[in-house]
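Please keep the sequence and the structure in view while reading.

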Amino acid sequence: MEILQSLSSQTWFITLMAFMLIGGVLSAVHHAEVVAHKTGEPYGALVLAISVTIIEVSLIISMMLSGHEGSEFIARDAVFATVMIVINGVIGLCIFIGGLHHHEMSFRNEGTNSALAVLTALATFILVMPMVTVSTPGPDFTKSQLAFAGVASFALYAAFLFFQTISHRDYYLPKTEEGKRDINFHAPKPSNLKTAASVILLILSLMVVVGLAELLSPAIEAGVKAAGAPKTIVGVAIAMLVLMPECYAAVRAAKANRLQSSLNLALGSALASIGLSIPAIAAIAIFFDLSLSLGISSLNMTLMYLSLFIGALTLAIGRTTVLQGLVHLIIFFEYLFLSLVP
């Protein structure tokens, strides 16, 4: 352990771990896509969403248990960053790149609007309510409030999963004309043996990613401190790390004119980030009596509701162009800039 800790301060070792992390992420994406192709939409998006959530929860909890200064804000910063990166960064990039390749793309707005409505409710429950409750000062919940918020978030996410995978599954399937243009839509599904192997390799890839991400987290914190950047950047870095598989897979789908798959992946990861991560983090915080502050500032509230409002307009009509993607990307860059210079 001491040898590992001494190596983790060496630049060459950090660089090696970073490249290994990228390799693990790409491996996880590949095997998740094999499983997704076997199960079909929207279950494939769910596979990646749960995979990303496992990585995120592991990173956040490891930092919270370390007890470093500001560790009580890690969950808040990471979850808020995930929402902003998904709505503006990932969706914006998918629409922009897809628009450059295909001029205009279509999707099922029934499903995406439903997902955005659930995301708005979850984000408000977790990130805004702590700032307006009066039982505790500042951005904190009481333990009972935190427990209720965790249960409510999980219940809402479970209801969304039922809606997405059982009662209204067709809302999240590609339109017929989109499927006809997609060369993968009618491709033969992988065999049971190949799928089973991909499931095992996906689990192994996720374990490698989680382990490497935890080893890199002190380097991330040290880099942020050396740069003199706000501590919130640590949460942004965590979110970017864990969203790499989603972003890569979503952009690939958009380039192939499968925007429905891109939106399923992006919105699914944002929903899982709150609906699955927060209940797990809240339970551990209560059990180990850890400090957990979830409320965001008025500046971040403004950015979040601007993003959700623009997202609702973008997803309203079921068709997108380059301009809509550019609007989301500009909001994303505004968020990054104000994270560095609040």
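## The second largest pocket

The second largest pocket holds about 310 Å³ of space. A pocket is an open set of points on a 1 Å grid over the protein atoms alone where a 1.4 Å probe fits, with protein on both sides within 12 Å along at least five of seven lines; lining residues have an atom within 4 Å of a point. Its volume is the space filled by probe spheres set on the points, which are joined across faces, edges and corners.

In the lining of this pocket there are 16 residues, and Glu-69, Glu-221, Lys-225, Lys-231 and Val-234 lie nearest the centre. Helix H4 (74-102), helix H8 (192-227) and helix H9 (232-255) each give two or more residues to the lining. H8 provides the largest share, four residues. By class, six lining residues are nonpolar, four polar and six charged. Here Ala, Val, Leu, Ile, Met, Phe, Trp, Tyr, Cys and Pro count as nonpolar, Asp, Glu, Lys and Arg as charged, and the others, Gly among them, as polar. Helices (H or I, at least four residues) and strands (E, at least two) are DSSP runs, numbered from the N terminus.

## Basis of the model

The model is predicted, and local features need pLDDT of at least 70, side-chain atom pairs count only at pLDDT 80 or more, and totals for chains, interfaces and linings use all residues. Residues are numbered from 1 along each chain as its sequence is written, and side-chain values use heavy atoms, with hydrogens and water left out.

## Salt bridges

The whole structure has four salt bridges, each a side-chain nitrogen of Lys or Arg within 4 Å of a carboxyl oxygen of Asp or Glu. One pairs Arg-319 with Glu-104, with the closest N and O atoms 2.7 Å apart. This pair links distant parts of the chain, 215 residues apart: Arg-319 is in strand S2 (residues 319-320), and Glu-104 is in the loop between H4 and strand S1 (105-106).

## Helix contacts

H4 and H10 pack with their axes 9 Å apart, at an angle of about 175°. Axes are lines fitted to C-alpha atoms, for helices over the stretch in contact, and angles run from 0 to 180 degrees between N-to-C directions. H4 is therefore roughly antiparallel to H10, a term for angles over 145 degrees, while those under 35 count as roughly parallel, 65 to 115 as roughly perpendicular and the rest as oblique. Residues in this contact (heavy atoms within 4.5 Å) include Val-79 and Thr-82 of H4 and Leu-259 and Ser-262 of H10. The contact has 13 nonpolar, four polar and no charged residues.

The axes of helix H5 (residues 109-132) and helix H12 (residues 298-314) come within 11 Å and cross at roughly 170°, so H5 is roughly antiparallel to H12.
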